[in-house]
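This briefing is an introduction for a reader new to the structure. Please look through the sequence and the model shown here before going on to the notes.

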Amino acid sequence: MLKLTNEQIQTAKNVPITDVMQWYGFAPLKKGAKWLTYQNPFRTEKTPSFMVCPLTNTFRDFGTAESGDVIELIRKFEGCDFRQAVAKLTENPNFSFNCQTSSQKSAESAKETFYLQSLKPLQNTTLLKYIEQRRLNPKFAKMYLKEIYYKIDANQPKNYFGICLENVSQGFEVKNIYSEKYYCLGKKDISVIEQGKPKEWLIFEGMFDFIALLTHLNRTINGNILILHSVTNTEKALKYLENMKPETLYLFLDNDVAGNEATEKFMQAFICKDFRKLYNGFKDLNEMILSRCNT
């Protein structure tokens, strides 16, 4: 394994920490002379105590006294080690904020304001090819996902497009197949598909995790579906489910630190069955499916 260079580490440290917070769906609640105050991404609290300093590009959790730079923040969000965090910030398109043009940032950041041009059944050959590249069954993707065309600026000449799923706040969680990014148009929230047994709910982190399970089973599911789109939406999901009064939750979250923490929260609140053993050794079910197809 090659040693990280000082240049790689410094490039990662220079990624604006406010961009990272925005990517994960967090906007500052209060702006001070030096610090920006955010809702804590990692726990529920009545008084926000998570602070970010753009000048030093660092964060501090005043509730736990934890602090660190942007690399440490990625480690907390992703549950990864130092090397993986540096790679996510410098090499992986999902986190290469510093390499994006202003137009890319506009298209791929969470946007409260956007101009919906059209919402269609999933049929675009380019988008379907992407589904197939992930070894997911297009039949199931077509049942639940759509293709979206939109603009960030009403005067821009061409539409952006991607694969999407609408959330409960009438926003759209969108997958950009070219940049490998997920982003939200409108208010970020959970997605819910009510079907089948009313008291049984299956919980997924992402929309492709759901399609991966259908692909793995090669059939549809008799149960309600809740998709977080990010583990930072766990508290929203718990509040939503309180009103649904479910008898059983079936959990299909990621095999990582963040997935562990979210799973624990669900299990403390409801009767749950953790199905991550189904893809033990892989981060998620889609990763397992890809691995089997490549062997």
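**Confidence and main features**

The chain has a mean pLDDT of 86, and 89% of its residues reach 70 or more. The model is predicted.

**Confidence along the chain**

- Among the elements of the chain, the highest mean pLDDT, 97, belongs to helix α7 (residues 138-144), and the lowest, 40, to helix α5 (residues 102-108).
- Over residues 92-110 pLDDT stays under 50, and for this stretch the model has 50 contacts beyond four places in sequence.
- Where pLDDT is low, the predicted coordinates should not be read in detail.

- Strand β4 (residues 58-61) runs antiparallel to β5 and is joined to β5 by four bridges.
- Opposite Phe-59 stands Gly-68 in β5.

- Strands of a sheet pair through backbone hydrogen bonds, either parallel or antiparallel.
- Strands β7 (residues 146-151) and β8 (residues 160-166) run antiparallel and are joined by five bridges.
- Tyr-150 has Tyr-160, in β8, as its bridge partner.
- β8 also pairs with strand β9 (residues 172-176), in the antiparallel sense and over four bridges.
- In that pairing, Glu-166 stands opposite Phe-172 in β9.
- β8 and β9 form a hairpin, with five residues between the two strands.
- Gln-170 lies in the turn of this hairpin and has a positive phi of about 65 degrees.

**The cavity**

- Rolling a probe the size of a water molecule over the atoms shows where empty space is left.
- The largest cavity is lined by Phe-204, Asp-209, Phe-252, Tyr-279, Asp-284 and Leu-285.
- Four residues of this lining are nonpolar and two are charged, while no polar residue takes part.

Conventions:
Residues are numbered from 1 along each chain as its sequence is written. This is a predicted model: local features need pLDDT of at least 70, side-chain atom pairs count only at pLDDT 80 or more; totals for chains, interfaces and linings use all residues. Side-chain values use heavy atoms; hydrogens and water are left out. Two strands pair if DSSP finds at least two bridges between them. On a 1 Å grid over the protein atoms alone, a cavity is a set of points where a 1.4 Å probe fits but cannot get out, and a pocket is an open set with protein on both sides within 12 Å along at least five of seven lines; lining residues have an atom within 4 Å of a point. Ala, Val, Leu, Ile, Met, Phe, Trp, Tyr, Cys and Pro count as nonpolar, Asp, Glu, Lys and Arg as charged, and the others, Gly among them, as polar. pLDDT is the predictor's confidence in each residue, from 0 to 100. Contact means heavy atoms within 4.5 Å.
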